[in-house]
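Below is a short report on a predicted model.

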Amino acid sequence: ADTLGAAAEQSGRYYGAAVAQQFLGEADYAATLNREFNSVVAENAMKWDATEPSRGQFTFQGGDQIVDHARSQGMEVRGHTLVWHAQQPSWVAGLGGDDLRQAMLDHIRGVAGHYAGQISSWDVVNEAFEWDGSRRQSNLQQQLGDGWIEEAFRAAEAADPQAKLCYNDFGTDAVNAKSDGIYAMVQDFLNRGVPIDCVGFQTHLSSNADLSSYQANLQRFADLGVDVEITELDVGGSGSAQANVYRGVTQACVAVSRCTGITVWGITDRYSWRSDETPLLFDGNYQKKEAYQAVLDVLNGA
Ligand code: G3I
């Protein structure tokens, strides 16, 4: 196959990109997205600050634009993200205890309910762990205690029973203390029947990334009984060094049968959140980079 999406599809996987709706009107941006990718995720448009700027007042304009575009192109849509300590609207900051709990549950109901039936997998909770494997001391953790993550998953399950429900984090690209902490949580959820279907590995990397336990880490989560997804892939650097890291990540995913797909965190270097780097598969002029060919070759079974 000669596009990322078609190549991934050969093994039943998706190849997706994070999309910012303000660029969909740019011809090269839309053309590259439509040609190469069969899955999208909103880079910012479905986050709490974007979707509920005032309490109880939901706005879905940006997210709907992305979903409409995806549907017109037959693409899957990942959902990102229902609950996160960052990009909360300012009104959330002052809330305590049961008020914050109610706000979180209402938010999940509002957003997951709005998109119910249209999302392949939701990042229900994003980045709730520290490097040492302990819980991040966010407002959610401090106000609601350890139970908040499972409360969020149960609310998401009720709001959209069709979507797969993921926990998503960064720095989990190896068997390490952080991924150990998440592994223990997933195991506990599965043991107690808390609804969780998948774990997202963001995979924001540099060209000297150590991938020696990357595949084994994906595999141990898969062996627990959840799908694994590469959710926010990008790699600093350029040329062969960058291509090699992209190749290694892709090889790991295709080697793990429950690795259901890969999403890169943007289409073109022109609009990457890593604004002083060139971490994506297409350069600033939408030309394919060496990393693109490396990914395509692996997806094609090379
Ligand atoms: O929308 C406003 C705009 O109105 C304003 O003029 C402009 C001025 O700064 O800011 C715009 O908001 C920015 C937003 O991106 C949309 O462009 C925010 O300042 C900026 O902080 C925000 O950054 C996003 C970041 O998450 C926020 O933490 C990045 O685009 C987005 O790529 C990044 O994505 C995260 C994932 O959600 C979770 N994992 C890590 C990943 C990278 O940080």
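Helix α7 has twelve residues, and at 1.5 Å a residue they should span 16 Å; the end C-alpha atoms are 16 Å apart, which agrees. Its buried residues are Trp148, Ile149, Ala152, Phe153, Ala155, Ala156 and Ala159. Seen down the axis of α7, these buried residues fall within an arc of 165 degrees, so they line one face of the helix. The cover over them includes β3, α5, β4, α6 and β5 (164-169).

Which residues have the most contacts inside the largest nonpolar core? They are Ile108, Val124, Ala152 and Ala156, in a core of 81 residues. Helix α7 (residues 148-159) supplies the largest share of this core, seven residues. In soluble globular proteins, nonpolar side chains tend to be buried together. Beyond its neighbours within four places in sequence, Ala152 is in contact with Leu82, Val83, Met104, Ile108, Val124 and Val125.

Next comes α5. The 18 residues of helix α5 (residues 97-114) should span 26 Å at 1.5 Å a residue, and the end C-alpha atoms are 26 Å apart, which agrees. Met104, His107, Ile108, Val111 and Ala112 are buried in α5. They cover an arc of only 100 degrees around the axis, which puts them on the same side of α5. Asp98 and Gln102 are exposed on the other side of α5. The packing partners of the buried residues of α5 are α3 (48-51), β3 (76-84), β4 (121-126), α6 (139-144) and α7.

Helix α9 (residues 214-224) buries Tyr214, Asn217, Leu218 and Phe221. Down the axis of α9, its buried residues fall within an arc of 100 degrees, so they line one face of the helix. Ala216 and Asp223 are exposed on the other side of α9. Against the buried residues of α9 pack α8 (177-192), β6 (198-201), β8 (227-235), α10 (239-255) and β9. Just after α9, Gly225 takes a positive phi of about 115 degrees.

Now the ligand. Which residues surround the ligand? They are Glu43, Asn44, Ala86, Gln87, Asn126, Phe170, Gln202, Glu232 and Trp273. This shell divides into three nonpolar, four polar and two charged residues.

The backbone has some departures to check. Most residues other than glycine have a negative phi, and most peptide bonds are trans. A cis peptide bond joins His80 and Thr81, with omega about -10 degrees. Thr81 is found in strand β3. Glu127 has a positive phi, near 60 degrees, and is not a glycine. Tyr286 also has a positive phi, near 65 degrees, and is not a glycine either. Glu127 lies in the loop between β4 and α6. Tyr286 lies in the loop between β9 (259-264) and α11 (290-299).

Are Glu127 and Tyr286 buried or partly exposed? Glu127 is partly exposed, with 19 other C-beta atoms within 10 Å. Tyr286 is partly exposed, with 16. The table lists the counts.

| Residue | Other C-beta atoms within 10 Å | Class |
|---|---|---|
| Glu127 | 19 C-beta atoms | partly exposed |
| Tyr286 | 16 C-beta atoms | partly exposed |

His85 lies in the loop between β3 and α5. Not counting residues up to four places away in sequence, His85 touches Glu127, Arg136, Ser138, Asn139 and Leu140. His85 and Trp48 are 37 residues apart in sequence and 9.7 Å apart in space, C-alpha to C-alpha.

Trp91 lies in the loop between β3 and α5. Leaving aside its neighbours within four places in sequence, Trp91 is in contact with Ser54 and Arg55. Trp91 and Glu157 are 66 residues apart in sequence and 25 Å apart in space, C-alpha to C-alpha.

Methods:
Residues numbered from 1 in each chain as written. Predicted model: local features only at pLDDT ≥ 70, side-chain atom pairs only at ≥ 80, totals over all residues. Core = buried A, V, L, I, M, F, W, Y, C linked by C-beta atoms within 7 Å. Buried ≥ 20, exposed ≤ 12 C-beta atoms within 10 Å, placed from the backbone. Helix = DSSP H or I, 4+ residues; strand = E, 2+ residues; numbered from the N terminus. Contact = placed C-beta atoms within 7 Å. Near = placed C-beta within 6 Å. Nonpolar A, V, L, I, M, F, W, Y, C, P; charged D, E, K, R; others polar. Expected span 1.5 Å × (residues − 1). Arc of directions from axis to C-beta.
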